[in-house]
There are 2 protein chains.
Amino acid sequence: MKVVNIQEKLGLFQDHWSPKIIGSLNGQDVKLAKLKGEFVWHDHAEEDELFMVIKGSLTIEFRDRTEIINEGEMIIVPRGVEHRPIAEEEVHVLLFEPSAIKHTGDVQNEMTVATYDRI
Amino acid sequence: MKVVNIQEKLGLFQDHWSPKIIGSLNGQDVKLAKLKGEFVWHDHAEEDELFMVIKGSLTIEFRDRTEIINEGEMIIVPRGVEHRPIAEEEVHVLLFEPSAIKHTGDVQNEMTVATYDRI
């Protein structure tokens with residue numbers, strides 16, 4: 001049990017679209033990620049996923065609309081809902097999601113991360 | 001599914017030690033709370049609990065030590081660990097914890113909230 005400084009953890013990595021685990025509880029992980037560019041369309045069949053924006057402005061495309069999540073805002077994407085995150089400028093996000101979640105759902109491509117580093 | 005602005009939600013209530021639900025996912029709730037003064041010693045037998053400090057400086061006493069969590073920092077209190085939050089000045093926190101969690105564990109006193117409002 002220790003105090004975690006979010007900005008300090010964000011300083012430990014620079015790669016995009018590669019979430020890092022900063023804490024685990026109740027079968028869920030808290031992750032940090034830096035995003036830039038366009039991700040792939042995907043969904044998570046069994047997992048709801050929370051995005052909280054720490055820096056920048058995150059766009060998430062859904063099949064029927066687009067949402068913009070600014071610094072200090074969050075959105076919960078329910079299981080089964082296809083989404084595509086887009087960061088025109090670099091965005092820093094905190095994620096809260098089940099430990100078992102797969103990065104790109106059942107989609108596999110060059111952006112897929114098989115395991116998450118713990119920092 | 002909607003975008004939630006954390007500061008906007010914090011503006012909706014003023015009472016202390018009464019967490020408000022701002023989102024739910026995977027059997028967990030995301031809550032906001034304003035804290036001031038000393039809470040009661042308690043633990044949660046089955047639930048780990050995350051405190052993320054949005055404003056101010058939160059002290060958490062444990063039986064063997066004391067931790068201070070400043071703005072932009074977080075701590076995960078594992079299940080079964082007795083703790084007592086203290087806020088000398090008002091603190092704003094975000095909590096992640098299972099929806100089934102009881103406010104003061106098996107302790108009941110005048111600070112205990114039986115149900116959580118959703119805002």
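**Entry 1: A:Thr112**

I started with A:Thr112 and counted 14 C-beta neighbours inside 10 Å, so A:Thr112 is partly exposed. The cut-offs I used: buried means 20 or more other C-beta atoms within 10 Å of the residue's own, exposed means 12 or fewer, partly exposed is in between, and C-beta atoms are placed from the backbone. This is a predicted model, in which local features need pLDDT of at least 70, side-chain atom pairs count only at pLDDT 80 or more, and totals for chains, interfaces and linings use all residues. Residues are numbered from 1 along each chain as its sequence is written, while chains are lettered from A and ligands numbered from 1 in the order in which they are written.

I then placed A:Thr112 in the loop between strand S8 (83-98) and strand S9 (117-118) of chain A. Helices (H or I, at least four residues) and strands (E, at least two) are DSSP runs, numbered from the N terminus. Leaving out residues up to four places away in sequence, I found A:Thr112 touching A:His103 and A:Thr104. Contact here means C-beta atoms, placed from the backbone, within 7 Å. I also checked A:Ile75: it is 37 residues from A:Thr112 in sequence and 22 Å away in space, C-alpha to C-alpha.

**Entry 2: chain A overall**

I counted 1 helix and 9 strands in chain A. Along the sequence I read β-α-β-β-β-β-β-β-β-β. The radius of gyration of chain A is 13 Å, close to the 14 Å of the globule rule for 119 residues, so chain A is as compact as a globular protein of that length. That radius is taken over C-alpha atoms, and the rule is 2.2 Å times the number of residues to the power 0.38. The C-alpha box is roughly 40 × 30 × 25 Å along the principal axes. Buried residues are 34% of the 119 in chain A. Of the chain A contacts with a separation of 6 or more, 66% join residues 24 or more positions apart.

**Entry 3: the core**

I looked up the largest nonpolar core and got 46 residues; A:Phe51, A:Val93, B:Phe51 and B:Val93 have the most contacts inside it. Such a core is a set of buried Ala, Val, Leu, Ile, Met, Phe, Trp, Tyr and Cys residues joined through C-beta atoms within 7 Å. Beyond four places in sequence, A:Val93 touches residues including A:Ala33, A:Phe51 and A:Leu58.

**Entry 4: A against B**

I found 25 residues of chain B in contact with 25 of chain A. S7(B) gives the largest share of the chain B side, 5 residues. That side divides into 15 nonpolar, 6 polar and 4 charged. Strand S1 (residues 4-5) of chain A pairs with S7(B), antiparallel, over 2 bridges. Pairing requires at least two DSSP bridges between the strands. A:Asn5 stands opposite B:Glu73 in S7(B).

I superposed chain B on chain A: rotation 180°, shift along the axis 0.0 Å, RMSD 0.0 Å. That is a two-fold relation.

**Entry 5: S3(B)**

I found S3(B) mostly covered, with 8 of its 11 residues buried. S2(B) runs antiparallel to S3(B), joined by 5 bridges. The two form a hairpin with 2 residues between them, and B:Asn26 in the turn has a positive phi of about 55°. S3(B) also pairs with S8(B), antiparallel, over 10 bridges. B:Val30 stands opposite B:Phe96 in S8(B).

How values were computed:
Two residues are in contact if their C-beta atoms, placed from the backbone, lie within 7 Å. Ala, Val, Leu, Ile, Met, Phe, Trp, Tyr, Cys and Pro count as nonpolar, Asp, Glu, Lys and Arg as charged, and the others, Gly among them, as polar. Copies are superposed by least squares on the C-alpha atoms of residues with pLDDT of at least 70 in both.
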